[in-house]
Structure formats: C-alpha cells, structure tokens
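Please look over the fold below. The report then takes up its loops, strands, helix, core and salt bridges in turn.

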Amino acid sequence: MPSIINRDETGRLEPGVVLAVSGAESENDAILAIENFLRVNRKEHLELAVPEKSEDGTFEIRLE
C-alpha cells in the first residue's frame with residue numbers, strides 16, 4: 001500500500017506543494033494514491049503535475 005508524505009513543512013495542500021509517494025508499484029498507482037488522498041482531504045480541485053521518480057523508487061508529484 002502506497003505511503004504519502006507531504007513535503008510542505010506546514011502540511012498545507014495547495015498549488016506548488018510536492019507530495020512524495022513511496023511503495024507504489026507504478027506511476028499509475030502513485031497517481032491513484034494521490035487522487036484518493038486529495039479526495040479524502042477535500043482538495044479534488046487541485047491538479048497534478050507529471051510525476052517524477054527518484055532513484056529510491058519514490059514518486060514526487062507537484063500539485064498545481
């Protein structure tokens with residue numbers, strides 16, 4: 001099951017914030033996890049930038 005970490009120190013969810021997804025088997029799984037995370041936090045209006053995969057397998061997705 002993917003784990004999501006908000007890279008913003010204050011925990012805000014707004015454009016420009018980067019969310020890191022670890023434990024996702026694919027880019028699609030990472031996007032689905034973020035979409036569900038935003039739905040739970042009532043932030044569905046935010047869009048996602050193209051995910052970037054780091055060397056450790058974590059996907060970083062910027063909110064727009």
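Where does T58 lie? T58 sits in the loop between strand 3 and strand 4. Helices (H or I, at least four residues) and strands (E, at least two) are DSSP runs, numbered from the N terminus.

This is a predicted model, in which local features need pLDDT of at least 70 and side-chain atom pairs count only at pLDDT 80 or more, while totals for chains, interfaces and linings use all residues. Residues are numbered from 1 along each chain as its sequence is written, and side-chain values use heavy atoms, with hydrogens and water left out.

**T58 and its surroundings**

T58 is buried, at a relative accessible area of 9%. Buried means under 20% relative accessible area, exposed over 50%, and partly exposed in between (1.4 Å probe, protein chains only). Leaving out residues up to four places away in sequence, T58 touches R7, A20, V21, S22, E52 and K53. Contact here means heavy atoms within 4.5 Å.

Two strands count as paired if DSSP finds at least two bridges between them. I4 has V21 in strand 2 as its bridge partner. A20 has E60 in strand 4. Four of the five residues of strand 2 are buried, so this strand is largely enclosed by the rest of the structure.

**Helix 1**

How far apart are the end C-alpha atoms of helix 1? They are 20 Å apart, which agrees with the 20 Å that its 14 residues should span at 1.5 Å a residue. The expected span is 1.5 Å times one less than the number of residues.

A30, A33, I34 and L38 are buried in helix 1. They cover an arc of only 130 degrees around the axis, so they are on the same side of helix 1. The arc is that of the directions from the helix axis to the C-beta atoms. An α-helix has 3.6 residues a turn, so residues three or four places apart point the same way. Strand 1, strand 2 and strand 4 are among what covers the buried residues of helix 1. On the other side of helix 1, N28 and V40 are exposed.

I31 also lies in helix 1. I31 is partly exposed, with a relative accessible area of 22%. Beyond its neighbours within four places in sequence, I31 is in contact with L48, P51 and I61. The C-alpha atoms of I31 and V18 are separated by 13 Å, and the two residues are 13 residues apart along the chain.

Just after helix 1 comes R42, with a positive phi of about 55 degrees. R42 is not a glycine. Most residues other than glycine have a negative phi. R42 is in the loop between helix 1 (27–40) and strand 3 (52–53). Its relative accessibility is 71%, so R42 counts as exposed.

**The nonpolar core**

The largest nonpolar core has 13 residues, and L19, V21, A30, I34 and L63 touch the most other members. Such a core is a set of buried Ala, Val, Leu, Ile, Met, Phe, Trp, Tyr and Cys residues joined through side-chain atoms within 4.5 Å. Helix 1 gives the most, with four residues.

L63 touches residues including L13, V17, L19, L38, L46 and L48, not counting those up to four places away in sequence.

**Salt bridges**

The whole structure holds three salt bridges. Each is a side-chain nitrogen of Lys or Arg within 4 Å of a carboxyl oxygen of Asp or Glu.

| Pair | Closest N and O atoms |
|---|---|
| E60 and R7 | 3.1 Å |
| R12 and D8 | 2.8 Å |
| R12 and E14 | 2.0 Å |

E60 lies in strand 4 and R7 in the loop between strand 1 (3–6) and strand 2, so this pair ties together parts that are 53 residues apart in sequence. E60 is partly exposed at 31%, and R7 is partly exposed at 47%.

D8 is buried, with a relative accessible area of 16%. R12 is partly exposed at 37%, and E14 is partly exposed at 34%. Salt bridges that share partners join D8, R12 and E14 into one network.
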